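Subject: Structure handover

Hi,

Here is the structure I promised to pass on. Please open it beside this email and follow along.

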Amino acid sequence: MADVKASAVDAAQFRPPRWLRNAHVQTVLASAALRRWLLRDARRRVDSGVQELLIDCGAGVRLQGFLTRQKTLPLARALCVLIHGWEGSANSTYVIDAAATLLAAGCDVCRLNLRDHGSTQHLNRELFHSCRIDEVVGAVRALAARAPGAPLAVIGFSLGGNFALRVALRADDVLSGVLAVCPVISPAAGLFGLEHGLWFYRRYFLHKWRRSLRGKRDAFPDVEWFTRADLARDLRGLTQALVLRHTEFASLDAYLEGYSIAGDRLASLRVPATILAAVDDPIIPIADFRALQLPPQIELEIAAHGGHCGFLGGSFLARFLDARLPRLLGES
């Protein structure tokens with residue numbers, strides 16, 4: 001079992017107001033329109049002088065990023081790459097919030113869109129799936145080349161946290177640190193949790209995924225991506241159709257194992273990393289985190305409350321990120 005460590009802003013001591021202690025309230029409000037409105041000033045700061053990038057990831061793959069330069073210090077402390085969750089985007093509320101915090105701390109920020117996310121279905125012909133790690137590693141290496149010698153940290157949320165940790169396993173020569181917030185650990189357990197959890201989450205993800213697939217169809221109308229029967233299936237059924245039609249995996253189980261980071265899969269990680277989890281996360285089972293076998297340079301911090309990528313109350317997530325920046329950037 002992994003050790004749970006404490007620091008200046010201790011996840012174990014996070015106690016949101018009573019009305020925010022419900023896990024579903026935390027999870028839903030994290031991306032709600034109300035929070036987007038409350039973060040409108042942060043959004044303006046993140047958009048100020050932003051540069052759109054089309055990043056060459058190798059093998060003909062391009063991913064979109066949005067680079068914002070900090071204006072706080074004469075020289076940036078680092079470049080921080082932010083990776084959203086499944087069916088989120090570079091403009092997701094939690095990404096904008098983290099980006100504003102990092103800019104204020106003197107870091108340049110690149111918000112990366114995974115393949116087919118953020119209306120980028122037209123950039124690459126093949127469909128997104130969660131085992132497409134090589135292109136994300138390629139994007140991070142390309143961004144590192146834009147800032148030679150500067151610290152480079154990757155910060156990911158949910159599936160983006162899973163990607164961030166897998167990138168660190170493959171590109172530790174260019175990274176200074178990683179923060180993963182509520183990362184997907186065991187995809188099979190996560191899928192099971194969605195199937196047997198609150199119906200709202202299944203409906204939410206299926207709605208967004210089907211909308212994304214319609215965007216892919218519009219971008220490449222010559223391809224029959226899925227049949228009408230496929231699109232009418234539940235989350236497991238549509239995922240299985242994706243695997244059998246558009247991946248090299250022979251089964252759904254093999255595909256889910258393909259991006260698992262459960263058990264000892266992070267044991268060889270050499271980059272300093274922090275994983276933030278919540279006991280009440282309705283998407284990722286807390287047992288997955290407690291079963292991790294981690295090396296000493298990975299800190300696992302578990303809060304009693306926070307839902308899935310929520311941690312709302314007292315600007316906790318921003319303060320948590322601020323407190324861990326020196327370690328993420330390799331600063332003494």
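Let's start with a pair of helices. Helix H7 spans residues 187–196, and helix H8 spans residues 199–219. Their axes come within 6 Å and cross at roughly 115 degrees. That angle makes H7 roughly perpendicular to H8. From H7, the contact uses Leu194, Glu195 and His196. From H8, it uses Tyr201, Arg202 and Phe205. By type, the residues of this contact are 3 nonpolar, 1 polar and 2 charged.

Before going further, a word on confidence. This is a predicted model. The chain has a mean pLDDT of 95, and 97% of its residues reach 70 or more. Take care with residues 1–7, where the pLDDT is below 50. Beyond near neighbours in sequence, that stretch has 16 contacts in the model. Where pLDDT is low, predicted coordinates should not be read in detail.

Helix H5 (residues 133–146) packs against helix H6 (residues 159–170). The angle is about 70 degrees, and the axes lie 10 Å apart. So H5 is roughly perpendicular to H6. On the H5 side, the contact is made by Ile133, Val136, Val137, Val140 and Arg141. On the H6 side, look for Phe163, Arg166, Val167 and Arg170. This contact divides into 6 nonpolar residues, no polar ones and 3 charged.

Next, the empty space. Rolling a probe the size of a water molecule over the atoms shows where such space is left.

How many cavities of 30 Å³ or more does the structure hold? There is 1. The largest cavity has about 90 Å³ of space. Its lining is made of Tyr94, Asp97, Ala98, Thr101, Ile155, Phe157, Leu179, Val181, Leu317, Ala318 and Leu321. Which elements supply at least two residues each? They are helix H4 (93–104), strand E5 (152–157), strand E6 (177–181) and H13. H4 gives the largest share of this lining, 4 residues. The lining of the largest cavity splits into 9 nonpolar residues, 1 polar and 1 charged.

Then there is the second largest pocket. About 360 Å³ of space lies in it. It is lined by 17 residues. Closest to the centre of this pocket are Arg35, Leu38, Asp97, Leu312 and Gly313. Helix H2 (33–38) and helix H13 (316–328) each supply at least two lining residues. By type, the lining of this pocket has 11 nonpolar, 4 polar and 2 charged residues.

Helix H13 supplies at least two residues to the cavity lining and at least two to the lining of the second largest pocket.

Over to you.

Conventions: Residues numbered from 1 in each chain as written. Predicted model: local features only at pLDDT ≥ 70, side-chain atom pairs only at ≥ 80, totals over all residues. Heavy atoms only, no water. 1 Å grid on protein atoms, 1.4 Å probe; cavity = no way out; pocket = protein on both sides within 12 Å on 5 of 7 lines; lining within 4 Å. Points joined across faces, edges and corners; volume = space filled by probe spheres on them. Nonpolar A, V, L, I, M, F, W, Y, C, P; charged D, E, K, R; others polar. Axes fitted to C-alpha atoms, helices over the stretch in contact; angles between N-to-C directions. Parallel < 35°, antiparallel > 145°, perpendicular 65-115°, else oblique. Contact = heavy atoms within 4.5 Å. pLDDT = per-residue confidence, 0-100.
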